[in-house]
Every structure is written in C-alpha cells, then in structure tokens.
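Have the sequence and the viewer open side by side.

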Amino acid sequence: MIPVLVLLAMAVIGAVFLRDQLTFDALAAHREALLAFRDAHYALAVGVFVLAYVGIVAFSLPGATVATLTGGFLFGLFPGVLFNLAGATAGAILLFLAARAGFGVRLAAKIEAQGGRVARLRAALAANEWEVLFLMRVTPIVPFFMANLIPALLNISLVKFAVTTAVGIIPGALVLTSVGSGLGEVFARGGSPDFGVFLEPYVVGPIVGLVALGLMPMAVRALRARAGRREV
C-alpha cells in the first residue's frame with residue numbers, strides 16, 4: 001500500500017498548496033517569465049515542463065488541462081503536442097504502476113476467486129481489452145485519473161495500458177495544444193481560452209469516427225458469438 005499512500009498524500013498536498021498555481025490565471029500572470037526562460041534555456045525548459053506534467057498526472061493534481069495549454073503556449077502545436085503526450089503518458093504509467101503495485105494484482109485475483117457479476121465483467125473486459133482501454137481514452141466519459149486507476153485495479157497488461165493511453169489521448173492533446181498555441185492573442189486582449197472548439201464538426205467528426213472504429217471489433221465478436229450460439 002506504500003505506493004498508493006504516497007500518491008494519495010501528494011495529491012492532497014498538491015490540491016491544498018498548488019491549487020492556485022496550476023490555473024489559467026497563474027499562467028497568464030507568469031507568461032512573460034515563462035517565455036523568457038524558454039528563450040534563454042530551451043532544452044532545460046522542455047525537461048522541466050515534461051517532468052512537471054508527469055508529476056501533475058502521476059499525483060492526480062489539478063491542472064492537467066492548464067499544463068496542456070502551457071505546452072502549446074510555450075512550444076507551439078509542434079513540438080508542443082509531443083511534449084504534452086510524453087508527460088501525460090509517462091505520468092499515467094507511473095500512476096498505473098503504483099496503483100497496481102498497491103493492490104491491483106491482489107484485487108484481480110480476489111475477483112476471479114469470488115466469481116459473480118464483477119468477475120464476469122472482468123472476463124468481458126479481458127475479451128475486449130484493447131478496444132475498451134482505447135475508448136476510455138478517446139472519449140471524455142471516464143475522467144483521466146480514473147482511466148489510469150481502473151485498469152490497474154483489474155490488473156491489465158502494462159503494454160496494453162501504455163499503448164492505448166499514448167494513442168487514445170492524441171486527439172484531445174492535439175486540440176488543447178492547438179488552443180494553447182493561440183494563447184498569445186488571448187492574453188493580449190485579456191480573454192480566456194475558447195473550449196467550444198471541442199464542439200466543432202471538424203473536431204467531433206474524427207473523434208466519433210475513432211469511437212466507431214473502437215466499437216466495431218467488439219460488435220463483430222458479439223455478432224459472431226451470437227451466431228455460434230444459434231448454430232449450437
């Protein structure tokens with residue numbers, strides 16, 4: 001339980017002491033200093049940013065959205081989106097490993113031993129792990145930190161978790177990084193970022209297509225299983 005307790009303690013400390021520092025207003029207030037540091041020490045700025053992003057995600061601190069906007073603001077859409085993806089993926093993997101080390105393996109074994117509805121749900125997930133994990137990432141239905149914990153509690157493979165995380169968060173990271181890359185003009189007029197872009201057809205359309213792509217293999221397997229039962 002030590003890894004989990006450390007994460008919980010850091011999450012509480014961060015929520016209390018960093019709540020006002022990981023906000024859009026804080027980014028606006030320190031934007032000139034951040035840009036100056038980036039221009040003077042670009043490689044160091046990249047390293048500090050990615051490590052900070054990893055910490056925010058790993059410890060489930062508030063501010064992941066602001067961090068993604070900051071990546072776009074400081075480094076542009078490219079390579080900013082790559083830095084955002086690296087930080088988010090690495091942080092998610094650390095949280096996943098800590099949770100699984102704490103009680104994920106034992107909980108999964110207990111579920112299988114007891115049987116019942118939860119065990120059947122775990123078996124159904126096992127048959128569609130790639131698709132379910134991908135859908136958890138590409139859709140906003142499951143909060144990001146819960147999408148890191150649930151697979152750990154069910155003892156999902158690290159490789160599957162890492163791959164589906166890295167690929168599934170690309171659409172959202174692209175959109176938020178793009179919004180962040182335009183924050184210079186937003187700051188100049190004293191406004192706030194427009195997240196209505198997520199409702200634009202050119203954003204919604206591809207995401208819906210990805211969701212359909214993720215659901216298709218599960219639907220095909222379900223239809224084949226039903227046809228097999230009918231033949232029997």
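Pro79 has its place in helix α6, residues 77–114; helices here are DSSP runs of H or I with at least four residues, strands are runs of E with at least two, and both are numbered from the N terminus. The peptide bond leading from Phe78 into Pro79 is cis, with omega near 10°. Most peptide bonds are trans, and most residues other than glycine have a negative phi.

This is a predicted model, in which local features need pLDDT of at least 70 and side-chain atom pairs count only at pLDDT 80 or more, while totals for chains, interfaces and linings use all residues. Residues are numbered from 1 along each chain as its sequence is written, and side-chain values use heavy atoms, leaving out hydrogens and water.

Next, look at the loop between α4 (42–58) and α5 (64–75), where you will find Ser60. Its phi is positive, near 55°, although Ser60 is not a glycine. Ser60 counts as partly exposed because its relative accessibility is 34% (buried means under 20% relative accessible area, exposed over 50%, partly exposed in between, with a 1.4 Å probe and protein chains only).

Now move to helix α9, residues 144–153, which holds Asn148. At 0% relative accessibility, Asn148 counts as buried. Leaving aside neighbours within four places in sequence, Asn148 is in contact (heavy atoms within 4.5 Å) with Val57, Ala92, Leu95, Phe96, Arg137 and Phe161.

Phe161 takes us to helix α10, residues 158–168, whose buried residues are Phe161, Ala162, Thr164, Thr165 and Gly168. An α-helix has 3.6 residues a turn, so residues three or four places apart point the same way.
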